[in-house]
Amino acid sequence: MGGCCSSCCGGHSQDRLYAPLLAESEREAVSVLLRYLENRGEEDFFSSGPLRALTTLVYSSNVDLQRSAALAFAEITEKDVQAVNEETLSPILLLLQSSDFEVQRAASAALGNLAVNNDNKILIVEMGGLEPLIRQMQSVNVEVQCNAVGCITNLATHEDNKVKIARSGALVPLTKLAKSKDMRVQRNATGALLNMTHSDENRQELVSAGAIPVLVSLLQSPDSDVQYYCTTALSNIAVDSANRHILAETEPKLVSCLVTLMDSGAPKVQCQAALALRNLASDDKCQLEIVQAGGLPALLRLLQSNVPQLVLSSVACIRNISIHPDNESPIIEAGFLTPLVALLRKSDPRSVSGTTANSNNALASNATEEEIQCHAISTLRNLAASSERNKKAIVDAGTVDKCISLVPNLSTSVQSEMTACIAVLALSDELKQYLLSVKIIDVLIPLTNSPNTEVQGNSGAALGNLSSKVGDYSTFVNAWSSPAGGISGYLIRFLTSNDLIFEHIAVWTLLQFVEGGDKTLIELIQKNSPILEATQTLATRELPSDPPADGDLIDLEDTEAESEIIALSSRVLKMLE
């Protein structure tokens, strides 16, 4: 979902440690601090005299000493970031209260440096650091703005701080500063807004603060970092249905802007633009709009990229777009079939090194590849949904051959998508004989006994679809006992599963076999006692005597399903008499 850390405008100490008429304590503090700066490698600043000396300068009424203290804090924390305590943070927070711009700038830089550490992020907010930072964001001094926003950006990367920041009043000034003419301020502000988009509550606060039109307008920024932050923030905002409605109603140019950004010179922007379109394409109106805005050529280019994240973002987007029936043919005609089938590939595990670092990279790569495979085969299934011509084109592109060779050795999530795709293709009367001829059922039968119920169900549904009006049932006869227990084993498992969906698939498949009239197959069924006994049990099942409670839709649906199973089972038994 993306995140951002700030780049603050740092401060560097200057020769301002000498001021006239210093108090004795101030003079001693200056001396201690100078010795530390000359020999900083010998002493820990945060746990010894230098911190106390610097604190003495902070509490001075001499503004030059305050400036020197703030600059020293900025320089030291830039080079040495670690978890600190209240003793360190208190003087820095006090410096933020100063009316002097130079003190404010250096103090907020120091605080931003310390806010890189997770423990410090929490402590800064707990100690009331947000209030002075919000005031400084509204400063007329650009350097002060830059560092204050940068600190907020870092604080917002911690989950525990995000709600507090959203409720602190920071979002409105952040949104205003996102339009700053200073690119550093703009980057930090848009980065902070991005960091605030990772929870539903904060996204709603951002919308209320007027962030959407600002983020959309900055998609055309000349700065790739700003484009990235804004694109990612909008992608996260579009996760919520209500926000997608607002975007559709108020930002008519958003889709075309995102389509343009998919051809950006920055891969991170291209990736997030495609992901933003993917989220927007959760709604059918936007699915059409992306195609109408000319999004398909750019998505196809990303799909054929050598960068895995670009491939993943584009295939995830095209999956959502392909849900709309009106987009099926345009996607196929745009040339997506061959690249989509190519994405079903499986990497050779021997190419992965055994080192720990490379193993971790391999795990991430495998996870990405699995996602790509799932999206690719799901897209192919969507494209096959409503057209015989499209189903044939998908088969001609090599989808079935690829599934047969890959599906036994893939993860269950990919197996589930592949078997669902095969089940859709098996609905085509024109393709059934071809599917049987390539022995697709030898792959499906073992998968009906998968540990994953979705894979089981999809494989059974595919077998059921293949069994309907196929004409030649010899393939089923040959697979009656094998592989993996064959058709008979699959039917027995499903008939006795006590799962209404599985029972329905099995008894409906049985009915197709009986109605098909193949004498050999019917004889095999008649001789199989477990199948007959299970079918008899289903046919004589008693429905619940008590009616479902009012509004209990699940119970009502289950009752209707059971009634249909009873009727189908009775019909099978009667035809077998």
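Before the model itself, one definition: buried means under 20% relative accessible area, exposed means over 50%, and partly exposed is in between, with a 1.4 Å probe and protein chains only. A second one goes with it: helices (H or I, at least four residues) and strands (E, at least two) are DSSP runs, numbered from the N terminus.

This is a predicted model, in which local features need pLDDT of at least 70, side-chain atom pairs count only at pLDDT 80 or more, and totals for chains, interfaces and linings use all residues. Residues are numbered from 1 along each chain as its sequence is written, and side-chain values use heavy atoms, with hydrogens and water left out.

Confidence comes next. pLDDT is the predictor's confidence in each residue, from 0 to 100. The average over the protein is 89, and 90% of the residues score at least 70. Contact here means heavy atoms within 4.5 Å.

Now the overall fold. The protein has 35 helices and 0 strands. Of its 577 residues, 54% are buried. Taking contacts with a separation of 6 or more, 73% are between residues 24 or more positions apart.

I will start with helix H4, residues 86-95. At its start, a side-chain oxygen of Asn85 comes to within 3.1 Å of the backbone nitrogen of Glu87. That is a polar contact, meaning a pair of N or O atoms within 3.5 Å; within protein, one must be able to donate a hydrogen and the other to accept it, and residues adjacent in sequence count only if both atoms are side-chain atoms. The buried residues in H4 are Thr88, Leu89, Pro91, Ile92, Leu93 and Leu95. They pack against helix H2 (49-58), helix H3 (63-79), helix H5 (101-114) and helix H6 (118-126).

Next, a loop residue. Ser168 sits between helix H9 (159-167) and helix H10 (171-177). At 27% relative accessibility, Ser168 is partly exposed. Its side chain reaches the backbone nitrogen of Ala170 at 3.4 Å. Leaving out residues up to four places away in sequence, Ser168 touches Leu130 and Ile134.

On to the largest pocket. Grid points are joined across faces, edges and corners, and a volume is the space filled by probe spheres set on the points. By that rule the largest pocket holds about 260 Å³. It has 15 lining residues, and those nearest its centre are Arg244, Leu247, Ala248, Cys286 and Glu289. Helices H15 (241-250), H16 (254-261) and H18 (284-292) each supply at least two lining residues, and H15 gives the largest share, with 5. The lining has 7 nonpolar, 1 polar and 7 charged residues. Here Ala, Val, Leu, Ile, Met, Phe, Trp, Tyr, Cys and Pro count as nonpolar, Asp, Glu, Lys and Arg as charged, and the others, Gly among them, as polar.

Which residues of helix H28 are buried? They are Ile440, Ile441, Val443, Leu444, Ile445 and Leu447. H28 covers residues 440-447, and because 6 of its 8 residues are buried, it is largely enclosed by the rest of the structure. Among the elements covering those residues are H25, helix H26 (412-425), helix H29 (453-466) and helix H31 (486-495).

H25 spans residues 399-406 and includes Thr399. Thr399 is buried, at 0% relative accessible area. Beyond its neighbours within four places in sequence, Thr399 contacts Val341, Ile377, Leu380, Ile394 and Cys421.

Last, the backbone exceptions. Most residues other than glycine have a negative phi, and most peptide bonds are trans. Lys469 has a positive phi of about 55°; it lies in the loop between H29 and H30 and is exposed at 72%. Asn498 has a phi near 60°, and it is exposed too, at 71%. A cis peptide bond joins Ser482 and Pro483, with omega about 10°. Pro483 is in the loop between H30 and H31.

Notes: 1 Å grid on protein atoms, 1.4 Å probe; cavity = no way out; pocket = protein on both sides within 12 Å on 5 of 7 lines; lining within 4 Å.
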